[in-house]
Amino acid sequence: KLVGNPLQLAYYSQVPYAWGQGACKFALIPADAPSFFPLSNRLGRDYLRKVAERTLRRREVRYHFCVQLQQDPARESVEDSTVAWAGAYVPVADLTLLKVTQPIQESDGEALSFHPWRALKEHQPLGWPGRARLAAYTASLRWRTEQNRLR
């Protein structure tokens with residue numbers, strides 16, 4: 001799918017997470033109406049970064065952080081992430097990406113380490129995909145930490 005601006009897409013968790021005693025899936029849904037950019041902005045391997053940067057120079061970007069609660073554990077399995085869940089996404093918070101004044105460098109995220117298991121036990125990933133991701137993110141963190149140390 002051709003994307004005009006990554007800041008105007010909705011983002012969904014592929015796997016379920018613990019939500020207290022139950023389970024949920026997450027979504028970030030854009031709160032603002034989209035702006036469209038001409039096709040010429042889609043040229044080049046880094047056009048997504050450039051269009052995101054241009055958007056954030058002009059304005060902040062808001063998302064609604066939503067949860068979709070598991071309704072039927074027998075049908076909506078935490079082990080099978082290919083099964084669509086039936087419940088609606090319910091907004092629980094807003095996320096605001098603030099305006100930026102400096103260019104976004106491709107290397108800005110290199111020293112960061114996202115890890116979905118860095119959460120309260122009540123919100124950790126569930127199912128075998130979540131457990132597999134624990135091993136993958138842990139190995140990636142070790143490798144990136146070593147690579148950044150060598151620079």
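User: Buried or exposed: how should I read Y17 and F26?

Analyst: Buried means under 20% relative accessible area, exposed over 50%, and partly exposed in between (1.4 Å probe, protein chains only). Here Y17 and F26 are both buried. F26 counts as buried because its relative accessibility is 17%. This is a predicted model, in which local features need pLDDT of at least 70, side-chain atom pairs count only at pLDDT 80 or more, and totals for chains, interfaces and linings use all residues. Residues are numbered from 1 along each chain as its sequence is written, and side-chain values use heavy atoms, with hydrogens and water left out.

User: How many aromatic pairs does a search of the whole structure find?

Analyst: Rings of Phe, Tyr and Trp (its six-membered ring) pair if their centres lie within 6.5 Å; planes under 30 degrees apart count as stacked, over 60 as edge-to-face and the rest as tilted. The search of the whole structure gives three aromatic pairs. One of them joins Y17 to F26, a tilted pair at 4.9 Å centre to centre with 35° between the planes. F26 also pairs with F65, again tilted, at 5.1 Å centre to centre and 35° between the planes.

User: Which parts of the chain does the pair of F26 and F65 link?

Analyst: Strands are DSSP runs (E, at least two residues), numbered from the N terminus. F26 lies in strand β3 (residues 22-30) and F65 in strand β4 (residues 61-69), so the pair links distant parts of the chain, 39 residues apart. F65 is partly exposed because its relative accessible area is 28%. Y17, F26 and F65 form one aromatic cluster.

User: How many disulfides are there?

Analyst: With a disulfide taken as a pair of cysteine sulfur atoms within 2.5 Å, the count is zero.

Terms used. Helices (H or I, at least four residues) and strands (E, at least two) are DSSP runs, numbered from the N terminus.
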